[in-house]
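Hello,

Here is the structure I promised to pass on.

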Number of protein chains: 2
Amino acid sequence: MWCGVEMKFNIVFIGFGTVGQGFAQILAEKRRFLKEKFGFEYDVVAISDIRKGSVLQENGLDLLKILDLTKKTGTVLGYELGQKGLSSLETIEQSNADIIVEVTWTNLKTGEPGLTHIKKSLATCKHVVTTNKGPIAIAYHELKRIAEKHDVFLRFEGTVLSGTPTLNLTIEDLAGTRISSVKGIVNTTTNFILTEMERGKSYEEALKEAQRLGYAESDPTIDVEGWDAVGKVTILANASMEGNIKVRDVERTGITGITVADIEKAHREEKKIKLLAEAWRENGKVMAKVSLQSIPLTDILAYIDGNMNALKMNTDVLGDVLVAGPGAGGIEAGYALLSDTLAINRYSSLLARKE
Amino acid sequence: MWCGVEMKFNIVFIGFGTVGQGFAQILAEKRRFLKEKFGFEYDVVAISDIRKGSVLQENGLDLLKILDLTKKTGTVLGYELGQKGLSSLETIEQSNADIIVEVTWTNLKTGEPGLTHIKKSLATCKHVVTTNKGPIAIAYHELKRIAEKHDVFLRFEGTVLSGTPTLNLTIEDLAGTRISSVKGIVNTTTNFILTEMERGKSYEEALKEAQRLGYAESDPTIDVEGWDAVGKVTILANASMEGNIKVRDVERTGITGITVADIEKAHREEKKIKLLAEAWRENGKVMAKVSLQSIPLTDILAYIDGNMNALKMNTDVLGDVLVAGPGAGGIEAGYALLSDTLAINRYSSLLARKE
């Protein structure tokens, strides 16, 4: 609705793995479309990654060139221009960034190094868009206060269901509802494995297939033991339901104990076994758990298979609302960062028009 | 994310039927919650309805009192204070409104009287929130230009899938994607009837049940002949996909020809008959149709039954995204107006903070 206003944002990537590169690729491919449709213009002025190195170029990097370089050499250091060797924090402090893209790895114990990156960014009045579950699961309320104090945005759509609108849906579109519970399939690896097992594979075969297709890490612990889902449901409980829970408060089951016999038994009972993440209200508190459940075929969540994820939200004024879409992928999670960036552009354009 | 800023909006209702009263009831019940959580405060300063009369009270009406009065007497004229007898246009012009709630009846031929109400509101620098399909289906691009020219918002979430986030989802959350097609179940009356027929009722019995429960009008033509779905898919084609189609361009089938034998045949083929609204791109244009289709049980839309509606959107970066939820109801559609109003509050609060 706010079109045609010209704004130029300086963007800095902290982390440049699959998701960061996914976002960079979307930005590069859609540059002209984003300018024409939303008046959104950008320069990527720095990239800092602990493995791939760091480059800062205040008048903008050639994004296609640096993507190509990263894919070919595994590092950004071959880029001919710019200042090399700054740490992530130095990059955040010394760059002329308007928006910091925090896409380092998820750490559900300490949130680091993302937590420090995000705090530093917000405190130096830079907007943050992130897909990093660690800092948001661990410190959502604190980070929200810091963002509000410095009048900047902290947006994190991609921490749950990758680019499928979920957090912005609950926080903005469903604003003013009271969400009494959420229930969903929020981990792609485990859902893919369970679906493959329904098709006859053993757990080990299904895991191998997931690894072959890139849906599972070589060490799949975080996914198959339910930790990833715990991180996501903690974010939903705190950000979408105003809860105040810790990762360690969440009861957790993984899928490693599941056998083909369990799947077959569920099938005979017209049920499907799914790894469900749930948050609900109880005695004035928000609670959450991740558990294996046999759900009846009358529940629409039974039809969310393979790499699809879904979240069902129970609200006071609408009853149940469901959203479903991809739950993982470099481009898919990369798109979440674009959705958040365009939201910042919408609000900022409005301010620019009024000035 | 923008909390604690105090803003007070003057709200005017043009139309005060089921949806208008639904929104008024939500506003009254959530008054304290909306102030505490979003810093959103309001006065309803006028109500004008062609059947229920008109009252304008610049320092605010007692909303609970006027809701009660309307339910008991069928008119607002018994309200002891305020100016009576203004027409809708006079109310729009003469009131101190910040937001006009346009909830008169849908007219898919001319868009009137809603179209004139909305134009007058926007041209006199008032934001508009509406659930009225007529004006948006007929004149979306023109109305958008008028809103932009006067720097006000026109929001219409409730024209499709009532309060289930759909238009704001495609326009804001999915901003920057290219939606190549949408396909969905967007009419509650027909979906309820088809579901009842699957359970063994004849078309006539199912229609009667729908009428008894308030899902169908005493003259059900607009729903069962597919016109309501045509209006909705026109809005999706133009507002979510930047198409430029007219209501009369949309190929249309209703459900009146369906027999129990058709339903049974589909069932034997592991299919379900659904009334689908679709828009897609073809030769650089957006096209749309409403048709009865037998869809396989492998399609998640086959599980959207009864009073649930759903829309599947195919996008470039995410593949398919689905949203499902209630498609009708006074409170449900009333909530769409709250969602839109809180969006206006978010943008306005931000401006207020910067001033």
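Let me start with the domains: chain A is divided into domain 1 (7-162 + 331-354) and domain 2 (170-327), with bounds that come from an automatic or database domain assignment. Before going further, please keep in mind that this is a predicted model, in which local features need pLDDT of at least 70 and side-chain atom pairs count only at pLDDT 80 or more, while totals for chains, interfaces and linings use all residues. Residues are numbered from 1 along each chain as its sequence is written, and chains are lettered from A and ligands numbered from 1 in the order in which they are written.

Taken over C-alpha atoms, the centres of domain 1 and domain 2 of chain A are 28 Å apart. Their contact takes 13 residues from domain 1 of chain A and 16 residues from domain 2 of chain A; two residues are in contact if their C-beta atoms, placed from the backbone, lie within 7 Å. On the domain 1 side, helix 6 (residues 133-149) of chain A gives the largest share, six residues. Helices (H or I, at least four residues) and strands (E, at least two) are DSSP runs, numbered from the N terminus.

Now to the two chains. Here 40 residues of chain A are in contact with 40 residues of chain B. Helix 2 (31-38), helix 7 (167-173), strand 13 (319-326) and helix 13 (330-354) of chain A each supply at least two residues of the side that touches chain B, and the largest share, eleven residues, comes from helix 13 of chain A. Strand 13 of chain A also pairs with strand 13 (residues 319-326) of chain B, in the antiparallel sense and over three bridges; strands pair if DSSP finds at least two bridges between them. Within this pairing, Val323(A) has Val323(B) as its bridge partner.

Best wishes
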